[in-house]
Amino acid sequence: MCRPADAPLPSAIESGMSLAMPSSLVVGKAAPAFSLPNQDDKVVKLGDFKGQWVVLYFYPKDMTGGCTTQACEFTAGIKGFDKLDAVILGCSPDSTESHRKFIAKEKLKVTLLSDPDHAVLEKYGAWGEKSLYGRRFMGVIRSTALIDPNGRVAFHWPKVKAAGHAEVVRTKLAELRAAAA
């Protein structure tokens, strides 16, 4: 089960906000279109959210430590994102069935998209070479794209740490909305 919403969050530095790596996304340009099944096997398209902010976060695997932390923190902050007219979409290569189990186990309130072929992960620069204990392999690069109501990339975090990232995203979203007002 997710940790309580009032539990302390790590600092922005610990959340990976300052980490950077090359990305195929360009702030101000159109976000790559996508069409993926969600946990209920319903096809979700970026165009479905025209007029809304979209937080699209990429994570490696359901029901693992960091991924659970991240999903639970986005769930805990869902009301804050709702107030900012934003929808939260998580995306991983896991199956829709795995997503359903993850949502049920952790009582998640976010939509999870399934991208087993990595097509959308690749478009968003979230699929690439990783290294663990000296071994190199291809995998999901934990990252987040913030997409504005017109379908443009408003901000991109190319590499993040799970803990505390949801609050970093909410803060940036509030800042961008205030600047646009």
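This report covers the sheet and helix packing of a predicted model.

## Basis

In this predicted model, local features need pLDDT of at least 70, side-chain atom pairs count only at pLDDT 80 or more, and totals for chains, interfaces and linings use all residues. Residues are numbered from 1 along each chain as its sequence is written, and side-chain values use heavy atoms, without hydrogens and water.

## The sheet

Five strands form an open sheet in the order 5-4-3-8-9, with mixed pairing. Strands (E, at least two residues) and helices (H or I, at least four) are DSSP runs, numbered from the N terminus. Two strands pair if DSSP finds at least two bridges between them. Strand 5 (111-114) and strand 9 (153-157) are the edges. The twist averages 20 degrees from one strand to the next.

Strand 3 (residues 53-58) pairs with strand 8 (residues 143-147) in the antiparallel sense, over five bridges. Y57 stands opposite T144 in strand 8.

## Helices on the sheet

Helix 3 (residues 96-106) lies across strand 4 (86-92) and strand 5. Helix 3 runs at about 160 degrees to strand 5. Angles run from 0 to 180 degrees between N-to-C directions; axes are lines fitted to C-alpha atoms, for helices over the stretch in contact. Helix 5 packs on the sheet and touches strand 3, strand 4, strand 8 and strand 9. Contact means heavy atoms within 4.5 Å.

## Inside helix 1

C72 sits in helix 1. C72 is buried, with a relative accessible area of 6%; buried means under 20%, with a 1.4 Å probe and protein chains only. The C-alpha atoms of C72 and K107 are separated by 8.4 Å.

How values were computed
Buried means under 20% relative accessible area, exposed over 50%, partly exposed in between (1.4 Å probe, protein chains only).
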